[in-house]
Structure formats: C-alpha cells, structure tokens
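Subject: Structure for you to look at

Hello,

Here is the structure I promised to pass on. Please open it first, then read my notes below.

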Amino acid sequence: MSEYNFTDTAAFHGVWVFCEQRDGVIQSISYQLLSEGRKLANDIGVELCGVVLGSGVEENYLKALGGYGADRVYYLDSPLLKDYTTDGYAKVLCDLVKDKKPEIVLIGATNIGRDLGPRCAARLHTGLTADATHLDIDTGKYVEFLKESSSLDLSKQKFDYEDRNLKMTRPAFGGHLMATIICPRFRPQMSTVRPGVMQTQEYDEAAAAKVVVENVPVELTADDIGVEILEIKKSAAKMVDLIGADVIVSVGRGISSDPEKGIALAEELAGVLGGVVGASRAVVDAGMISSDHQVGQTGKTVHPRIYVALGISGAIQHVAGMQDSETIIAVNKNETAPIFGVANYGIVGDLFKVVPQLIAEIKAVQAAK
Amino acid sequence: MKAIVCVKQVPDTSGKVAVKPDGTLDRASMATITNPDDLSALEAALELKEQTGCEVVVVSMGPFTAEGMLRECIARGADRAVLISGREFGGSDTFATSQIIAAGINKIGVGPEDVVFCGRQAIDGDTAQVGPQIAEKLHLPQVTYVAGIKKEGDSLICKRMLEDGYMTLKVKTPCLLTCIKELNTPRYMSVSGIFECYSKPLEIFDYPALKDDPLIETDTIGLKGSPTNVFKSFTPPQKGAGTMVESASALVGILNDKHLI
C-alpha cells in the first residue's frame with residue numbers, strides 16, 4: 001500500500017455509517033447508527049457521513065439521512081450494487097475508505113453487515129468489534145456509563161481523560177461478561193452494532209434540507225464479483241415482530257420437560273395480553289422454536305411495555321436484550337435465578353402450574369371490565 | 001478434492017459459567033465442547049465427501065488439549081486433522097486468528113475444487129468474523145449464513161439466510177462457506193470411527209511451522225500484536241430485587257391496579 005497507511009492514525013478524520021439498503025429502502029438500523037454516530041462526531045468535532053451503496057436509490061431517501069444526523073452522504077450507484085454481494089460491496093467500501101480515510105466506520109450487525117464488516121476490516125488491515133451495544137469516545141461519558149452499567153469499583157481505576165479512542169462495549173462469552181474493546185494502533189476503528197440498541201433521534205427537517213449528497217463514481221465490474229445471485233426470496237411466513245411488540249411472553253429452558261405444552265401456554269398467555277412469543281437462546285438452540293423468536297445477544301433487543309419471562313434463568317446475554325422493558329415479570333422454579341434480579345415482579349413456581357392460573361385470572365379480570 | 005473444516009473448542013457457555021474476581025472467565029472450571037455451528041460445518045463436509053469422495057481435513061487453533069476434539073471429528077468421519085498451536089498465537093483477536101488459520105490452510109493447500117467450511121460463529125466470542133476474514137486472507141469468495149448446499153459441476157449453489165428471507169447464490173470453487181445449524185443435523189461418532197480415530201494422522205503446526213508464510217505478519221498476532229485489545233471487562237451490577245409475589249391471583253391483582261392489563 002503506497003499512500004494508504006493504516007498506522008498513521010492522525011491522517012484519519014470523521015465518523016462514517018454504512019447505511020444498508022434492501023430493495024432501495026434504507027434499513028432502520030442505519031437511522032439508529034446515524035443517531036449514535038452524530039453524538040460521537042459531536043464529541044470530537046468532526047463530520048458524520050452516511051455511505052449508501054445501491055442502484056437507483058431515491059434522492060429523498062438519501063436526503064433523509066441528514067434528518068437523522070448525517071452532514072454528508074456518499075452515494076455509490078451501480079447496477080452491480082443493487083443487491084448485496086460480499087465482493088462488490090467490500091471493494092467499493094474499502095476503496096472509498098482508502099480514499100477518504102474516516103477514523104470510525106460503523107456497520108449494522110445484520111446478516112449483511114456481519115458478512116461485509118469482517119471482509120473489509122481484514123482488507124483494510126484494522127480491528128473490528130462485533131455486535132457492540134454501547135459506544136463512547138469521551139472518557140468522562142464512558143466512566144458515567146461504567147458507573148451505571150458495571151459492578152467495577154471505579155475509585156480504584158485510573159482513566160485518561162484525553163483519550164480519543166473509540167470504546168466499543170459488547171457482551172462476551174455467551175453474554176456472561178461485558179467487554180470494552182479498543183483499536184488503538186490502526187485506523188479506521190470499526191464496529192458492527194447490534195440492531196435495536198441505539199435509539200433513533202427525532203427526525204430533523206432542517207438538517208435533512210442541508211445535507212450534502214455526493215455521488216461518488218463506482219469502479220466495479222462484474223468480474224470483481226465471485227458470487228452470482230440466482231434468487232432473492234422474502235420469507236412467506238410472517239416474521240415475529242418482537243422489536244415492535246407491546247407485550248412479549250418469552251420461554252426459556254424451564255419448558256424443556258414439555259416444550260410443546262410450554263410454548264402453547266406462552267402463546268395463550270401472549271394471546272390474552274395482546275402480545276407475541278419470544279424465547280431464550282437455549283430454547284432456540286435446542287430447536288424448540290425458530291430463531292426469529294430469540295431475544296438477547298444474537299437475537300433481538302426489545303423494550304415492550306410488559307415482558308414475561310417463563311422458565312428463563314436470566315443469563316446476561318438474555319437480560320441485555322430485555323432489561324429495558326417497562327415491566328418485567330418472571331416465573332421460575334429456582335428462587336435464586338438471576339432473572340429475579342431484573343424483574344419487577346417474580347413468582348417462584350412451576351410455569352406449567354402458574355401460567356394456566358395467570359391466564360384464568362387475567363381472563364376473569366378482563367371479563368369483569 | 002478436499003473439504004477443509006475449521007473447528008473450535010469452546011467453553012460450554014450454556015451451562016454454568018464461572019467468572020473470576022478480576023472479571024475474566026474461569027475457563028479451567030468449565031466444560032468444553034465443539035462449537036455447535038462448527039459441527040454443522042463438519043457435517044456439510046462429510047456429506048460432500050459422501051457425494052464426491054473428497055478428503056475431509058479438520059483444522060483447529062487452540063491448546064494441545066484440543067486434540068481430543070479433533071479426534072472426535074475424525075471419529076465422526078474426517079480423514080485427518082491439523083492442530084495449530086503455539087504460545088505465540090495465544091490471546092489473538094479475530095484479525096490475528098484469521099491470519100494464523102489462513103496460513104495453516106495455506107500450508108494444507110487449497111486446490112481448485114476445494115471448499116473451506118466454517119461455522120457461522122463460536123459461542124464464546126459470538127463475532128462471526130473469523131470465517132470472512134480467513135476468506136479475505138486466502139482471496140476466496142465467501143458465502144455466510146449457509147442453510148443449504150448443492151454441488152453443481154465446479155460450483156456450489158448455496159442458500160444464504162437473511163433476516164427477512166434468503167438468497168440463492170452460485171459460487172465457484174475454491175470458496176469458503178460459514179454454516180448455520182439449520183443446514184443439517186450433525187451425525188454422531190461411529191463405533192468404527194471411535195475405534196480408528198487415534199490411528200489417523202494429526203499434524204501440529206506450531207509457530208516455527210507457520211511464521212514464514214506470507215499471510216502471517218509476526219507483529220500482528222497474539223495478545224500484544226492483535227489490532228483490538230480488551231480495555232475493560234466487567235459484569236453488570238445487581239439491580240435491586242423486585243417484588244416477589246406469592247400467587248398468580250396476587251400478581252394479576254397488582255397488574256390490574258397498575259392498569260397494566
């Protein structure tokens with residue numbers, strides 16, 4: 001590499017968000033990342049750029065990225081970029097990074113982002129953090145975050161308040177620990193970010209009008225792409241909308257003795273509460289329910305009005321995915337289950353006995369209204 | 001033709017997880033298993049072997065104790081194994097790990113018909129990064145989240161899962177695939193496999209064996225060389241416990257009072 005020197009950290013400026021589109025529609029994760037990226041860019045006084053790769057993406061979609069925080073949008077248009085391919089996207093994104101040298105690149109941890117991110121990081125010779133759930137540059141803000149979210153004794157810790165590295169925090173070891181990752185020697189600092197974690201800021205009409213959209217010429221030929229797309233199918237079965245759900249009734253390992261009955265009870269309870277059924281990783285991994293129901297680290301992050309945890313022990317990775325729910329109700333046989341530590345209301349008991357009683361009681365209350 | 005399968009020995013994070021007072025994982029006290037997605041990768045390779053008669057080589061990077069896991073892979077049907085092991089490799093992040101494994105695969109040799117199989121992600125790190133990073137280092141096309149594979153001439157037709165559906169992709173060999181558990185049901189070890197697993201070859205690639213490979217940069221491997229470092233690790237604070245309720249009817253009463261139902 002002649003001019004592009006990934007160790008010359010001072011040569012890199014600006015925060016970038018890879019804004020994923022499918023079928024020409026910008027995905028909501030992009031708005032979440034721009035909102036978060038805006039705060040990071042403000043902390044160090046740099047520009048926030050959204051990068052869109054696609055074909056015929058409408059101008060108003062590109063402008064809208066400004067409304068969620070972008071100062072500038074790089075748009076790269078080519079028929080070869082209409083649908084995602086690893087080779088096409090990685091080449092175009094890496095070439096742009098080498099040309100413009102951003103100090104931070106954020107990518108949504110979707111099935112596409114988790115394919116693109118590592119390919120690019122390896123090519124750009126830099127580190128990549130997977131599935132971050134919290135980002136900080138400012139050390140003061142990071143220390144505040146630790147005060148709230150860790151059991152560390154901060155009085156014994158020293159911090160460098162001049163530090164300008166991106167501190168990327170993620171669940172580790174199956175979610176039993178949290179780890180903050182830094183990439184001090186190489187640039188850009190890259191992270192994929194879990195969908196649903198970062199809050200989308202309010203749309204700013206004036207900012208959308210001001211955003212600079214730059215069309216960047218694309219140097220890409222069909223020969224650059226080693227994989228041929230034969231077909232793209234949207235799943236016919238309706239995916240469970242956990243993220244938008246008002247009430248979620250989730251099942252865990254506690255249903256193992258009779259998974260079918262356990263799930264049927266959860267469905268019935270979700271039915272009377274007007275909600276949907278979620279699940280812990282253990283239940284999904286055991287094949288008792290499909291993975292679109294999964295709440296937690298590799299699943300979804302949810303904040304419903306009511307979250308009912310049935311037979312879920314409460315591993316950190318699951319808790320990380322649901323702790324911001326407004327009211328958490330836990331039913332577990334084991335009175336020492338960690339889930340009771342985050343629940344507003346807990347019942348120690350066998351879910352196969354408790355849930356039918358709950359359903360009957362709720363129906364009675366509803367009938368009386 | 002070869003199928004090269006990357007496997008990892010991981011602590012069983014679905015069981016009891018022990019955390020030391022300094023906030024790191026107490027690996028010594030935890031049981032180890034073969035990473036579940038990697039078993040799907042191995043199964044896919046064994047199915048390819050049944051169709052084509054190809055050789056199946058399993059590769060792992062880890063401590064010497066990972067030999068047992070590699071012997072189990074042989075007992076499931078793999079032909080030979082390579083263990084990449086060296087003090088210099090310890091503490092590597094995904095970038096560093098992928099260089100080392102890519103160098104190991106280079107040493108095994110990737111022929112024009114060969115396929116490298118990985119699991120989508122390991123349950124201890126959950127990054128899903130090492131597969132694509134190996135593919136980049138080896139200049140192989142990649143398909144991730146693979147839930148279906150059909151061989152057609154010199155190509156593979158793969159079903160790649162998306163959150164809202166799937167893509168069908170055609171990729172020419174040599175290539176790298178990362179497999180998810182929906183792809184297949186991994187077979188068990190066979191009795192004859194268990195009987196023979198210690199008579200099949202298992203090679204060790206240590207630091208001296210790999211350090212001269214052009215894919216390895218000796219200053220970006222191991223704990224010190226890795227681009228990313230752990231700045232802090234911690235456990236979340238215990239929240240104040242909520243209200244324990246005696247019965248379903250008491251709970252429904254509270255929910256009703258608070259207008260939650």
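In what sense do strand β10 of chain A and β12(B) pair, and over how many bridges? They pair in the antiparallel sense, over five bridges. Strands pair if DSSP finds at least two bridges between them. A:Met178 stands opposite B:Phe234 in β12(B).

First, the conventions. This is a predicted model, in which local features need pLDDT of at least 70 and side-chain atom pairs count only at pLDDT 80 or more, while totals for chains, interfaces and linings use all residues. Residues are numbered from 1 along each chain as its sequence is written, and chains are lettered from A and ligands numbered from 1 in the order in which they are written. Helices (H or I, at least four residues) and strands (E, at least two) are DSSP runs, numbered from the N terminus.

β8(A) pairs with β9 (residues 167-172) of chain A over three bridges, in the antiparallel sense. There, A:Asp136 stands opposite A:Lys167.

The interface. Chain B gives 65 residues to the contact and chain A gives 70. Contact means C-beta atoms, placed from the backbone, within 7 Å. β9(B) brings the largest share of chain B's side, eight residues. That side divides into 32 nonpolar, 22 polar and 11 charged residues. Nonpolar covers Ala, Val, Leu, Ile, Met, Phe, Trp, Tyr, Cys and Pro; charged covers Asp, Glu, Lys and Arg; the others, Gly among them, are polar.

A helix pair in chain A. The axes of α7 (residues 259-273) and α10 (residues 351-368) of chain A come within 10 Å and cross at roughly 20°. So α7(A) is roughly parallel to α10(A) (angles under 35 degrees count as such). Axes are lines fitted to C-alpha atoms, for helices over the stretch in contact, and angles run from 0 to 180 degrees between N-to-C directions. Among the residues making the contact are A:Leu265 and A:Leu269 of α7(A), and A:Val355 and A:Ile359 of α10(A). The contact residues divide into 11 nonpolar, one polar and three charged.

Chain B overall. It has eight helices and 13 strands. Its C-alpha atoms fill a box of roughly 70 × 40 × 40 Å, taken along the principal axes.

Best wishes

Definitions and conventions. Angles under 35 degrees count as roughly parallel, over 145 as roughly antiparallel, 65 to 115 as roughly perpendicular and the rest as oblique. Two residues are in contact if their C-beta atoms, placed from the backbone, lie within 7 Å.
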